[in-house]
Amino acid sequence: MKKARVAGSQRSTAIFRSASTFEEVLLRQQDETDHGDVIAPAEDEADYLFVIKDSSEVPATLQKIVDIAQNL
């Protein structure tokens with residue numbers, strides 16, 4: 001399901017530094033996760049990092065993102 005969605009994405013890939021497609025990003029993320037060696041983002045890679053370990057955390061995380069966006 002995820003792979004089909006990202007393969008058909010029409011979003012701009014201009015944001016990528018080391019990938020050319022969303023599918024490539026998804027495959028890399030899945031590969032890193034499967035091996036347990038997920039690399040934490042570099043300090044300059046993101047302003048915020050959200051880790052969702054359970055689907056019940058999604059609503060609160062989304063609200064945090066909305067709060068941040070509204071304060072920009």
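Modeller: Let's start with Thr61. Thr61 is buried, because its relative accessible area is 11% and buried means under 20%. Keep in mind that this is a predicted model.

Biologist: Where does Thr61 sit?
Modeller: Thr61 is part of helix H3.

Biologist: Which residues does Thr61 touch, leaving out those up to four places away in sequence?
Modeller: Phe50 and Ile52.

Biologist: And what does the side chain of Thr61 reach at 2.8 Å?
Modeller: The backbone oxygen of Glu57.

Biologist: Why is the pair of Tyr48 and Phe50 called stacked?
Modeller: Because the ring planes are at 20 degrees, and planes under 30 degrees apart count as stacked.

Biologist: How accessible is Tyr48?
Modeller: Tyr48 has 49% relative accessibility, so it counts as partly exposed. The exposed class needs over 50%.

Biologist: Where is Tyr48 in the chain?
Modeller: In the loop between helix H2, residues 22-34, and helix H3.

Biologist: How far is Tyr48 from Ile65?
Modeller: Along the sequence, they are 17 residues apart. In space, their C-alpha atoms are 9.1 Å apart.

Biologist: Now the surface. Which residues make the nonpolar patch?
Modeller: Tyr48, Phe50, Ile52, Val58, Leu62 and Ile65 make it. The patch covers about 520 Å².

Biologist: Tell me about Val58. Which helix is it in?
Modeller: Val58 belongs to helix H3, which spans residues 58-70.

Biologist: Let's zoom out. How many helices and strands does the chain have?
Modeller: Three helices and zero strands. The pattern along the sequence is α-α-α.

Biologist: How much of the chain is buried?
Modeller: Of its 72 residues, 11% count as buried.

Biologist: What about the accessible surface?
Modeller: The chain has about 6,500 Å² of it. Carbon and sulfur atoms account for 53%.

Biologist: Of the contacts between residues at least 6 apart in sequence, how many join residues at least 24 apart?
Modeller: That share is 7%.

Biologist: One last spot. Where is Gln10?
Modeller: Gln10 is in the loop between helix H1, residues 2-7, and helix H2.

Biologist: Is Gln10 buried or exposed?
Modeller: Exposed, because its relative accessibility is 75%.

Biologist: And how far is Gln10 from Phe22?
Modeller: The two are twelve residues apart along the chain. Their C-alpha atoms are separated by 9.7 Å.

Methods:
Residues are numbered from 1 along each chain as its sequence is written. This is a predicted model: local features need pLDDT of at least 70, side-chain atom pairs count only at pLDDT 80 or more; totals for chains, interfaces and linings use all residues. Side-chain values use heavy atoms; hydrogens and water are left out. Rings of Phe, Tyr and Trp (its six-membered ring) pair if their centres lie within 6.5 Å; planes under 30 degrees apart count as stacked, over 60 as edge-to-face and the rest as tilted. Buried means under 20% relative accessible area, exposed over 50%, partly exposed in between (1.4 Å probe, protein chains only). Patches are made of residues with over 30% relative accessible area and no salt bridge: like charges are joined within 9 Å, nonpolar side chains (Val, Leu, Ile, Met, Phe, Trp, Tyr) within 5 Å. Accessible areas come from the Shrake-Rupley method with a 1.4 Å probe; for residues, only the protein chains shown count as cover. A salt bridge is a side-chain nitrogen of Lys or Arg within 4 Å of a carboxyl oxygen of Asp or Glu. Helices (H or I, at least four residues) and strands (E, at least two) are DSSP runs, numbered from the N terminus. A polar contact is a pair of N or O atoms within 3.5 Å; within protein, one must be able to donate a hydrogen and the other to accept it, and residues adjacent in sequence count only if both atoms are side-chain atoms. Contact means heavy atoms within 4.5 Å.
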